Every structure is written in C-alpha cells, then in structure tokens.
Amino acid sequence: METHLQFSFNYDYKKVTKNFSDKDSKECDQAQFKKEENELYDEALTANTSLIFHDLPFGKKTLKPYEFGRTRQSIDRVKELLSIDCIKLVNVVKNKNSNNLKVVEELITILNNAFNQSTGVFLEEGHKLLINLGAKGQKEFILTKYLSIIQSKTLRDFIKQKRQFAPGRLIKLINRVADLENLVSRKLNKEPSKLTKFELADRGIMEGLITSTFFASLFSELHYYLDECNPVVFIHKSKVVQKLNHPIFNLYAKDLHRRNRSAARIEKMERQIKSFFKWLPTLREFQGILIDDISVWEITREHLLEYKAYLIRQSKLGIFTKYNCKQRLKDTKTFFKRIYELNLIGENIALTVSNIEASDYFYRKLPDDSDMHGLFKSIKIYAEEANKDTLAFALISFLGFRIIELYRLRWEDINLGTKTIAVQSKGNKSHTLPISDVIYKLINKIPFEDRIGFIFRKSNDEKEKTFKFRIENAFSLYKILADWDLEGGPHLLRHWYITSLARQNVEPVDVRTLARHDSLKTTSKYIHYYSSELKEGINKIDYEVGYE
C-alpha cells in the first residue's frame, strides 16, 4: 500500500455512517448506490478536514498535534475504511493520546536538517551578485568552451555564423561538424587543421552523418559553404514507424487512458506489445499474418513461454540487457492479464508464467556538492526564467519531484500557510508533501501576479511529452554549462535526493514516505553511496574482521 503523508481522521463517525450492510438484499440502482457512496466519502473528508485545522486570527491555521499519524494512517486506509465492506472508523485513531508528532512539521525538520548546509551553498551564498545572461550568454559560453574541439578554421567560421541557433541545436551542430572533421581526417590520414575546403566537402561522409531533416539542411548549407561550384541538396529519408493498430490493443490503450496512465506509459506498452506481435510470426502458427491481424484468442501460455526463452537467448547474446528482457516479458504479461480482466479473452495465459530474473538495481554516479553548486549557479546565470527554473530543479533535488509531477503542479496546490504541497503523481495518486525552508523561500521569489494556473507549463495546453522534452533538454544544457560529466537526465536528481536523505541517517520509513514509494525495496534502488564511502565501509569491515 502506498504510504502518503496524510492526516488521521477523528470525528463522530455515526454522523456520517450509513448502513449498506444489506445492500445485496435491497434492489437499489447501482448508479444511485455509487452516488451515495461518493457522497458519504466526500462528507467524511469534509468533516475531518474541519478538525485537522482550527482557525486563528487573520485567517492563519495551525495543526492539531494529536491528529496526525504517519505510516499507519493514509488516504488509502481511509478509503478502505469508508468502503462498503468496512464502513466503520472506530480503528482509525485508537491511540489518540499517544506521542504522535505533527507529521508535517516533523518532516519539514527532517528535510531542513538533511539539506540545511548544502542548500545554503547551492542556492544562496554567492549567487546574489551573479548577473543573468540568458540565452545569449548560453550561446557565447558554448562557442567559447566547445568550438576549440574543431581544429579547422573554415569549419569554426561556419559555426560562428549560426549564433542564432538555440543553445541545444548549437551543441548538436558543433558535435556533428566535429564528427565530419574527424572522419575526413582519418580517411585522408591528414591533420584536421590542414584539411582544405574541398577535402572537407566529402559528400559520402556527410550523407552518413545525416540523421534528421535539420542535419540534411545543415550539411546542404555547409557543402555549399565549402564548395560553391558544386552545390548538393541532401534529403533525409526518415523511417516510417508503423503504429500498432491492433483492435484489442486499441481497446487496451483506451483503458490505460481511462485509468489516467501517462502518455509515456501508453507509448511504452505499445512498443512492448508491438515487439511481441512482431515476434509471433516467427512461429509456424502465425506465419504470414500481419501483426494487426493476429488473433489474441489463439495465443497460448506456451507461446509466452517460448517468447520468454527467446528473450533469455537475446540477453545471453548481448542484444538486449537482462533487465530489458525482464521488462519486455513483464509488460507483455500485464497486457494479457488486463485484457482478461476486461473479458476480451477467456483465460489469463500469463498467470503461471514466471518473470525473467534480473536485478532492478543499477549503480549511478551521483553529483557531489560542488556539482550541485555548479548546476544551480549555471541556472542562475543562464536561465531565461531563473527563478522558475531554480524552483523546478530544486523541487526535484530537495523534494524528489518527478517530471510528471512538475507538469501537473498548479499554484492552488501550494499552501504556504500550512507549508504543504498537494502532488498529483503517476498512476493518478495524490500525496501531500511538506515544504522545506529552502523551497518556501524559492516559491516566494515568484511574483504574486504570476501565481496563476500551472506553474511550469509554457501554456495550459502544453502536452506532457513536449513538457518532458523541454525539461530534459534544459537539464542537459545546464549540465554542460555546469561542466558535469555525469550521465542521466533530471531523474538523476531524484536519486540524489533520496540518497542524501539516507546519508543523513534519516529513518528508512521517513525516506520512503518522503520518496512516496510503495515499499522500502523500491526506495533502496535509489540509494547510491559514493566510492569514498564504500571504501571507508570496506576498510571498517576489514578492520573489524581482523585482516592484516
């Protein structure tokens, strides 16, 4: 069960309890029954909310210390207690006089203690005198730092003419032109600085470097710049990716959408099931059948077992990683389990098919304090909206936000009076997180008149996929500006957040609560100790065992 930071509920349940115990004997309309159930739930939450806070002068609110629970009380538990089968709330707060602390204040203290020293360095000290240079500063930094990797003056001069490019494109341009210089140099066995214009205008090598319409246009222009007498117009032949249009999968995709699964999740499932359907025609029973025409009723448990064996062989050959194979089979099983639940097939053929064993843990090299300082410093100097970008990446770094949560976050989800943020997470789950002091300060840097609607979207109708792409590109750019050599996207900062809590000896149950994980097993996958700490631990073990 997901552990949420929520409040214990304590009130006279008799006022809002309705007797549904004999619902089976009553021939009531199902829709009306559901409506009454929802009304009961809403009434209960309203009654409890009024007890959680009590009014103070000037509209301020404070928390009642005895009305908080942590791991035992959660919104899922309350929903369960308010369900038809278990309507009574007698057991919700049995230990009213126990030493339960105020959870919000307690977790704020934990966060402040864990990040108090580091956040001051990352976000405050020495940053007040920094001048924001914006996108123009980004481009000049990139040209100054990376243009030197190209030795040909001719190519450098061409790139300097492209200052109007967005920073991300400018980096791609420099790297691709550097590839051209390197390949021509190796082909002719000649130093890059001595290559002539005509030698650099190698049509064959340029064609091999074209991976998009952007690079097709770019190399057409570069070829003309190098050899005006022989202009070439390159054309990128993009691969047409055929979408899976299987009628059963289309129904399954609609079900995922109805259950508020993210667009990324739906796309991933399409890829996984498409891979499975593309594999099926290798079997005699499905030879010659198009993937959109495959009958799911003819797929059996034995076929899934053969697919599992195929994936294991692929992992042994090094074509797929073992973890990738595990996920492919797992997602395929999930598909068949769900379409069985939807009565689209008569048997759950995946029920007794075991998963492929593979470790879920991958060690990640995490940023250290100097890396984090450089990241937020680069945001302060180069971001076009420095305050918002700082807040966005601080929410990931110091509250463990996911990109989907940034995408859904609205100003009305933030309650500065109670120092809490309502988070709409993946799987349509809701959480309430404490606002630490550093996040509180960053929020207050945003002008009051800008606190309307979605916080980080460019517009209300910005798509999730576009938003994710924009945040990932921004992070990649800030990593370059901060001179990071670490792999990984923005989610790396969430790993850093959870690891930082663990390194500060925060109780595991509190780490899990603040990470919003279902289990400590999931939380453990996010903890990566630094090599110096591991060496220190190994030395302690050697010493204790008595090795000489």
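Me: Is Glu341 buried, partly exposed or exposed, and at what relative accessibility?
Reply: Glu341 counts as partly exposed, because its relative accessibility is 37%. Keep in mind that this is a predicted model.

Me: Which side chain does Glu341 meet in a salt bridge?
Reply: That of Lys337, with an N to O distance of 2.7 Å.

Me: Where do Glu341 and Lys337 lie?
Reply: Both are in helix H13. They are 4 residues apart, about one turn of the helix.

Me: And Lys337, buried or exposed or in between?
Reply: Lys337 is partly exposed, with a relative accessible area of 42%.

Me: Which residues are linked with Glu341 in a network of salt bridges?
Reply: The network links Glu341 with Lys337, Arg338, Asp255, Arg258 and Arg259.

Me: What about Asp255 and Arg259, what is the N to O distance there?
Reply: Their side chains meet in a salt bridge at 3.0 Å, N to O.

Me: Why does Asp255 count as buried?
Reply: Because its relative accessibility is 5%, and the cut-off for buried is under 20%. Arg259 counts as partly exposed, at 24%.

Me: How do Asp331 and Arg265 count, buried or partly exposed?
Reply: Asp331 counts as buried, at 3% relative accessibility. Arg265 counts as partly exposed, at 26%.

Me: How many salt bridges does a search of the whole structure find?
Reply: The search finds 23.

Me: Different topic. How many residues of helix H20 are buried?
Reply: 6 of its 8 residues are buried, so the helix, residues 508-515, is mostly covered.

Me: Which ones are buried in H20?
Reply: The buried residues are Asp510, Val511, Arg512, Thr513, Leu514 and Ala515.

Me: What follows H20?
Reply: Arg516 follows H20, and its phi is positive, near 60°.

Conventions
Residues numbered from 1 in each chain as written. Predicted model: local features only at pLDDT ≥ 70, side-chain atom pairs only at ≥ 80, totals over all residues. Heavy atoms only, no water. Buried < 20%, exposed > 50% of the residue type's maximum accessible area, 1.4 Å probe, protein only. Helix = DSSP H or I, 4+ residues; strand = E, 2+ residues; numbered from the N terminus. Salt bridge = Lys/Arg side-chain N within 4 Å of Asp/Glu carboxyl O.
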